[in-house]
Every structure is written in structure tokens, then in C-alpha cells.
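Thanks for making the time. I will go through one model and keep to what can be read from the coordinates.

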Amino acid sequence: MTATSVDTDQLRRTFDAWRSSSATTRLMDARGRQEFRRQHIRHSVSIPYNELHERWFELPSRQTPFALLLPTSEREFDEQHSVLGRLRVRGWHPVVVLWDEPDLWSMVASMGLLVDSTTAEPLPFKTVLAKPA
């Protein structure tokens, strides 16, 4: 097997784990607003990494499972300075972490879950990852 097919197999297992988990309806997309507008996974919620410090209140309770989509640039940061690290320090532990990679978008498109700028309906002013009780 080539490295690419191993990565693709791992990606499919990760994505399938998210889709079959209790977090299937909760996906926080931490990429920038432009990336989210260009393409995103259906029903995901955009909370860009550079806005997270102002939007903690939009996250679900710490016990509620959710998935996290990170920009590839996040791999360059150490745990302390990454979005994932900041979430973990504050008690959130995403059950699945996905990375903004071409293989992800190909798979999402093949499953009919891709929303892109050519097919998207106007985004609502604000969607939330969790609704207050």
C-alpha cells in the first residue's frame, strides 16, 4: 500500500467514526471564514480559530461530543498554541479531529455532504454548535 492510500484509509475510518458517533450532528469548523464560505461540510458550524477566544460560549457543554475540522496550518503549532490544545486545556475533548485536506473534500463530495460556493444557499447570520438549555 502506498502512503497516500494509508492516509485515505485512515481518513475514511476517522470520518466514518464521526458519522457513526453521537457527535454526528456537531462539527466545529475552525478554518477561516473564507475557507468555510468556499466549501464546508453540511451542517457544520464555523467558529474560526482566530475568533475562538470570543466565542467560547457557543461551544456545547464539555460532556457533549463534537467533531473538529482544523486548517492544515494548525499542524505547525505545538499543543499549547493550537486550537485543539486550547480546547483541551479548557476541558473540551473533540471525539474526532479532521484536517482540511484534498482527500477529505473528495470524500465529503462523494457522500453528498459538500456545500461549496457554487451550490450553497446563503449562510444564516449565525448558527450555533449548541443551543442553550
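Met-28 stands opposite Val-45, which belongs to strand 3. This is a predicted model, so please take everything that follows in that sense. Strand 1, residues 27-29, and strand 3 are joined by two bridges and run parallel.

What is the order of its four strands? The order is 3-1-4-5, in an open sheet with parallel pairing. Strand 3, at 45-46, and strand 5, at 96-99, are the edge strands, each pairing on one side only. In general, strands of a sheet pair through backbone hydrogen bonds, and the pairing is either parallel or antiparallel.

Next, the charged side chains. How many salt bridges does the structure hold? There are five salt bridges. One of them is between Asp-29 and Arg-31, with the closest N and O atoms 2.8 Å apart. Are these two partners buried or exposed? Asp-29 is buried, at a relative accessible area of 0%, and Arg-31 is also buried, at 1%.

Then there is Glu-51. Glu-51 forms a salt bridge with Arg-33, where the closest N and O atoms are 2.7 Å apart. That pair links distant parts of the chain: Glu-51 sits in the loop between strand 3 and strand 4 (67-70), while Arg-33 is in helix 2, residues 33-38, and the two are 18 residues apart. Glu-51 is buried, with a relative accessible area of 15%, whereas Arg-33 counts as partly exposed at 42%. Glu-51 also forms a salt bridge with Arg-55, again with a closest N and O separation of 2.7 Å. Arg-55 is buried, its relative accessible area being 10%. Through shared partners, salt bridges join Arg-33, Glu-51, Arg-55 and Glu-58 into one network.

On to the nonpolar side. Which members of the largest nonpolar core touch the most other members? They are Phe-15, Ile-41, Leu-98, Leu-104 and Val-108, out of 15 residues in that core. Helix 1 (3-20), strand 4, strand 5 and helix 4 each supply at least two residues of this core. Helix 4 gives the most, with four residues.

Take Leu-98 as a case. If we leave aside its neighbours within four places in sequence, Leu-98 is in contact with Leu-11, Thr-14, Phe-15, Leu-27, Ile-41, Leu-68, Leu-69, Leu-70 and Leu-104. Apart from this core lies another, of 14 residues, including Met-28, Ile-47, Leu-59 and Leu-87. Met-28 is the residue I started with, opposite Val-45.

Last, helix 4, which spans residues 102-110. Its buried residues are Leu-104, Trp-105, Met-107 and Val-108. Why do they lie on the same side of helix 4? Because they cover an arc of only 165 degrees around the axis. As a reminder, an α-helix has 3.6 residues a turn, so residues three or four places apart point the same way. The face of helix 4 turned away from the buried side carries Pro-102 and Ser-110, both exposed. Just after helix 4 comes Gly-112, with a positive phi of about 75 degrees.

How values were computed
Residues are numbered from 1 along each chain as its sequence is written. This is a predicted model: local features need pLDDT of at least 70, side-chain atom pairs count only at pLDDT 80 or more; totals for chains, interfaces and linings use all residues. Side-chain values use heavy atoms; hydrogens and water are left out. Buried means under 20% relative accessible area, exposed over 50%, partly exposed in between (1.4 Å probe, protein chains only). The arc is that of the directions from the helix axis to the C-beta atoms. Two strands pair if DSSP finds at least two bridges between them. A salt bridge is a side-chain nitrogen of Lys or Arg within 4 Å of a carboxyl oxygen of Asp or Glu. A nonpolar core is a set of buried Ala, Val, Leu, Ile, Met, Phe, Trp, Tyr and Cys residues joined through side-chain atoms within 4.5 Å. Contact means heavy atoms within 4.5 Å.
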